Amino acid sequence: MNYLGGNQTLYLKLLHNFQNDYQNITISRLDDTTLRTIHTLKGFSGSIGALRLYELSQKLEQPSGNKYLEAFNQELHKVLDELNTKLPQKTQKPESAKAPISAKLKNELFKNLKDALEFMEPNKCSDIIQKIEAYALDSQETQRFEEIKRLVEHYEFDEALKFF
């Protein structure tokens, strides 16, 4: 959590994203696709403090990485088992229970989010996203917002900016 400026909300989001993204993954061989997955997982594991998994991910990226596959998969599932046991279940209000949002407030929040993305400020992005989540958006806006949110959670700020 030190890397995230002590932002517990962002840390919990990262933990949930890690859990959701890697729940059903077992790496059986190293190829270009799995190496990209491992590289992303390496960054993710470092951000959530799964240091042993981070180290094994680094080793898998080396030419002799195949010999670490079993240890990597065991550690990944150990981390996921711990998250499944200890992580509180994420609850989200149904759209129908959310407050309506005025066009003015919506525009202001999305402008603030765009500014935070341009300055690559994850804590500020997280705070603004949390505010937007309290309001009902139409289906097209919801799709756009969910994609922006997913990209921010993976620190892909430049990609998120393409939605503005």
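## A helix and its neighbourhood

Helices here are DSSP runs of H or I with at least four residues, strands are runs of E with at least two, and both are numbered from the N terminus. Asp115 counts as partly exposed because its relative accessibility is 25%; buried means under 20% relative accessible area, exposed means over 50%, and partly exposed lies in between (1.4 Å probe, protein chains only). Asp115 is 10 residues from Cys125 in sequence, and their C-alpha atoms are 8.9 Å apart in space.

A word on the model itself: it is predicted, with local features needing pLDDT of at least 70 and side-chain atom pairs counting only at pLDDT 80 or more, while totals for chains, interfaces and linings use all residues. Residues are numbered from 1 along each chain as its sequence is written, and side-chain values use heavy atoms, leaving out hydrogens and water.

## The overall fold

The protein has eight helices and zero strands, giving the pattern α-α-α-α-α-α-α-α along the sequence. Its C-alpha trace spans about 55 × 30 × 30 Å along the principal axes.

Of the 164 residues, 39% count as buried. Among contacts (heavy atoms within 4.5 Å) with a separation of 6 or more, 61% come from residues 24 or more positions apart.

## Surface and charge

The protein exposes about 9900 Å², and carbon and sulfur atoms supply 49% of that area. Areas come from the Shrake-Rupley method with a 1.4 Å probe; for residues, only the protein chains shown count as cover.

There are 22 positive and 24 negative side chains, and the centres of the two sets lie 2 Å apart. Lys and Arg count as positive, Asp and Glu as negative, with His and the chain ends not counted; each charge is placed at NZ of Lys, CZ of Arg, CG of Asp or CD of Glu.

Arg52 belongs to helix H3 (residues 51-60) and is partly exposed, at 39% relative accessibility.

## Two positive phi angles

Most residues other than glycine have a negative phi. Met120, which is not a glycine, has a positive phi of about 50°. Met120 lies in the loop between H5 and helix H6 (122-133) and is partly exposed at 46%.

Tyr155 also has a positive phi, near 60°. Tyr155 is in the loop between helix H7 (139-153) and helix H8 (157-161), and its relative accessible area of 30% makes it partly exposed.
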